[in-house]
Amino acid sequence: MDKLTGRVRAAVEKYQLIEEGDRIAVGVSGGKDSLFLLCALAELSQYYPKHFSVVAVTADPCFGGVPGDYSQIQGLCDALGVPYIIRKTYLGPLIFEERKEENPCSLCAKMRRGALHNALQERGITKIALGHHYDDAVETFFLSLFYEGRISCFQPVTYLDRTGITQIRPLLYCGENLIRHTAQRLALPVVENPCPA
């Protein structure tokens, strides 16, 4: 954990991801990456020279019309002293039952981001940390190269002018294998994704 938190701090400092007084929402899907990011930022907030606070936010798609069980994540947040917001949505039934989308992933991702942004705006939070790591950046680079014919990748910091929200990616110096092993050693409460796709 210390090794990876050090890498998170290095990315935070290199790309100036955190400013004094920031209130940072961590987009928590329930997967290993977002749960590790939550733990790392909660730990970093204890000693980082620029004071900031952390809030966990989940956009629950309610697949099958049933809310997900995030009780173990709530327990983790309680142990970390981090407030936890669950935003229930109608995405699962809308995408799979009403619209019957053949390729639902892109639409679902966009709508989940919209739900997260709405939850942040309602609470006056203007910064969200996402769990994209080093391997995601490499994959995005090659997908852009092969499928779009251009050299491109997501940025460590992205300001979204339509919402006034800044997205940060503090895991850029962390590889997926290290995150996976750390999540297992810490016994993080990974939630199985019930998505039918």
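Glu 122 and Arg 87 form a salt bridge, their closest N and O atoms lying 3.1 Å apart; the term stands for a side-chain nitrogen of Lys or Arg within 4 Å of a carboxyl oxygen of Asp or Glu. This pair links distant parts of the chain, with Glu 122 in helix H5 (residues 104-122) and Arg 87 in strand S3 (residues 84-88), 35 residues apart. Helices (H or I, at least four residues) and strands (E, at least two) are DSSP runs numbered from the N terminus. Glu 122 is exposed at 54% relative accessibility, whereas Arg 87 is partly exposed at 24%; buried means under 20% relative accessible area, exposed over 50%, and partly exposed in between (1.4 Å probe, protein chains only).

The model is predicted, so local features need pLDDT of at least 70 and side-chain atom pairs count only at pLDDT 80 or more, while totals for chains, interfaces and linings use all residues. Residues are numbered from 1 along each chain as its sequence is written, and side-chain values use heavy atoms, leaving out hydrogens and water.

The whole structure holds 9 salt bridges. One of them joins Lys 127 and Asp 22 (2.6 Å, N to O), and this pair spans 105 residues, from strand S4 to strand S1. Both Lys 127 and Asp 22 are buried. Another salt bridge, between Arg 9 and Glu 13 (2.9 Å, N to O), stays within helix H1, where the two residues are 4 apart and so about one helical turn from each other.

Strand S1 has 5 of its 6 residues buried. S1 pairs with S2 in the parallel sense over 6 bridges and with S4 (residues 127-129), again parallel, over 3 bridges; strands count as paired if DSSP finds at least two bridges between them. Within these pairings, Gly 27 stands opposite Val 57 in S2, and Ile 24 opposite Lys 127 in S4.

What about the interior? The largest nonpolar core has 34 residues, and Val 8, Ile 18, Val 26, Phe 36, Leu 38 and Leu 41 touch the most other members. Such a core is a set of buried Ala, Val, Leu, Ile, Met, Phe, Trp, Tyr and Cys residues joined through side-chain atoms within 4.5 Å. Helix H2 gives the largest share, 9 residues. A second, separate core of 13 residues includes Val 57, Ala 59, Ile 85 and Ala 115.
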